[in-house]
Amino acid sequence: MKALAVTPGRENSAHVTEIPEPRLDLIPGGRGVLMKTLQVGVDATDAEINEGLYGQAPQGDSHLVIGHEFFGIVEAVGENVTNVQPGDFCSCTVRRPGPSLFDKIGRNDITSHDEYYERGINLRHGFMTEKVVDDCEFVVKVPVGLRKLGVLAEPVSVCAKAIEQAYLAQTRLQVWKPRLAFVTGAGQIGLLTAMMLRLRGLEVYVIARTPNPGLKEEIANGYGAEYVSTQKETMEQLVSRVGSPDLVVEATGSSRVAFDAMRFLARNGALVWTSVTGGKNLLHDYPSDAVNLEWVLGNKLLVGSVNGNRDHFNQGIADLALAEVMFPGVTERILTTPIDGFDDPAAIMDKLSNDRSALKVYVNVASAKE
């Protein structure tokens, strides 16, 4: 069976390889779910793995099958599976259990173990292949009505967790009713986060560099948010115009922006970092003393958020459904760049790295009718 894999640590190593066919009996206890892959989303994580910045192969293998944003259809289930059945559309969570207490209670997304296990990212093979098998614990049903948005189930789970973490952490204040939010970054995570915050009634500003963003601005506006280009209005100028944000969700992939956002958060506010920055950038001109003082005196909070468990997947899917009612047709516009099949790995990586018009790149692996 064909799969798209990399040789971890080797730059530009994406290649098509052959792997064994998945089988239900590989999952013990009658809990297996065999799925046909329909679509797999790809993002900056896949590009950075292909650049050799991070990622490890499973023990005993020299390659890592990539692809962590899965959408498929159930073909067969084990005797003890009750949450999905053949014919159901589905997605899969990414992180798999380690040995920590959090892993043992189903909170793999906040493992305290030094090593983490993520399908398509680290120590576990991903989904960029024709069929996959997994434990039903990690399989999430996608409603038929969201068939066209199913490939966004994983990205929107990341947004759901980031927002949940902010609200959970802010129970420290007893009363926290955020009014104003900044979302830094206008990629898929930034736009989906803006959508979810608008559904919760916040005034939202999506902040990014591009001065004439076209589609990104149209999508942000479609959700009732405002797009702000830092080439035309700096974050400091935006704060002077609209006030300091109660909540900032950082989704640019730039550590400079992540730290810069700390300067503008309101008192008692929360800043959530979702970016994974694999580079070695250093900040030499940062006003660290002033930020430290303001954060201590202002009771401000920084939260790191990565990955999502099945509850976050379910919340994200529910928000996708509600957004289709509240903002019909807007979310589908994120799906800009389909690629048919993964036989040309270089073309996939080129779209990720060099196509500035590509908002969401995803691979059509098969159709539901095949």
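Trainee: Is D285 buried or exposed?
Mentor: This is a predicted model, in which local features need a pLDDT of at least 70 and side-chain atom pairs count only at pLDDT 80 or more, while totals for chains, interfaces and linings use all residues. Residues are numbered from 1 along each chain as its sequence is written, and side-chain values use heavy atoms, with hydrogens and water left out. The class follows from relative accessible area (buried is under 20%, exposed is over 50%, partly exposed lies in between, with a 1.4 Å probe and protein chains only). For D285 the relative accessible area is 56%, so this residue counts as exposed.

Trainee: With which residue does D285 form a salt bridge?
Mentor: A salt bridge needs a side-chain nitrogen of Lys or Arg within 4 Å of a carboxyl oxygen of Asp or Glu. For D285 the closest N and O atoms of the pair are 3.2 Å apart, and the partner is R256.

Trainee: How many residues apart are D285 and R256, and which parts of the chain do they link?
Mentor: Helices (H or I, at least four residues) and strands (E, at least two) are DSSP runs, numbered from the N terminus. The salt bridge of D285 with R256 links distant parts of the chain, with D285 in the loop between β16 and α8 (288-297) and R256 in helix α7. R256 is partly exposed, because its relative accessible area is 41%.

Trainee: What is the relative accessible area of D25, which pairs with R23?
Mentor: R23 and D25 form a salt bridge whose closest N and O atoms are 2.8 Å apart. R23 is partly exposed, because its relative accessible area is 45%. D25, in turn, is classed as exposed because its relative accessible area is 57%.

Trainee: How far apart in sequence are the parts that R95 and E118 tie together?
Mentor: The side chains of R95 and E118 meet in a salt bridge, at 2.7 Å from N to O. R95 lies in strand β7 (residues 95-96) and E118 lies in strand β8, so the pair ties together parts whose distance in sequence is 23 residues.

Trainee: Are R95 and E118 buried or exposed?
Mentor: R95 has a relative accessible area of 9%, so R95 is buried. E118 stands at 5% relative accessibility, and therefore E118 also counts as buried.

Trainee: In which strand is L123 found, and what is its phi?
Mentor: L123 is not a glycine, although its phi is positive. With a relative accessible area of 10%, L123 is buried. This residue is found in strand β9, and its phi is about 65 degrees.

Trainee: Where is N268 placed, and how accessible is it?
Mentor: N268 has a positive phi of about 65 degrees and is not a glycine either. It is placed in the loop between α7 (255-260) and β16 (270-273). N268 counts as partly exposed because its relative accessibility is 32%.

Trainee: Where is I105 found, and what is its relative accessibility?
Mentor: I105 is found in the loop between α2 (101-104) and β8 (117-119). I105 counts as exposed because its relative accessibility is 58%.
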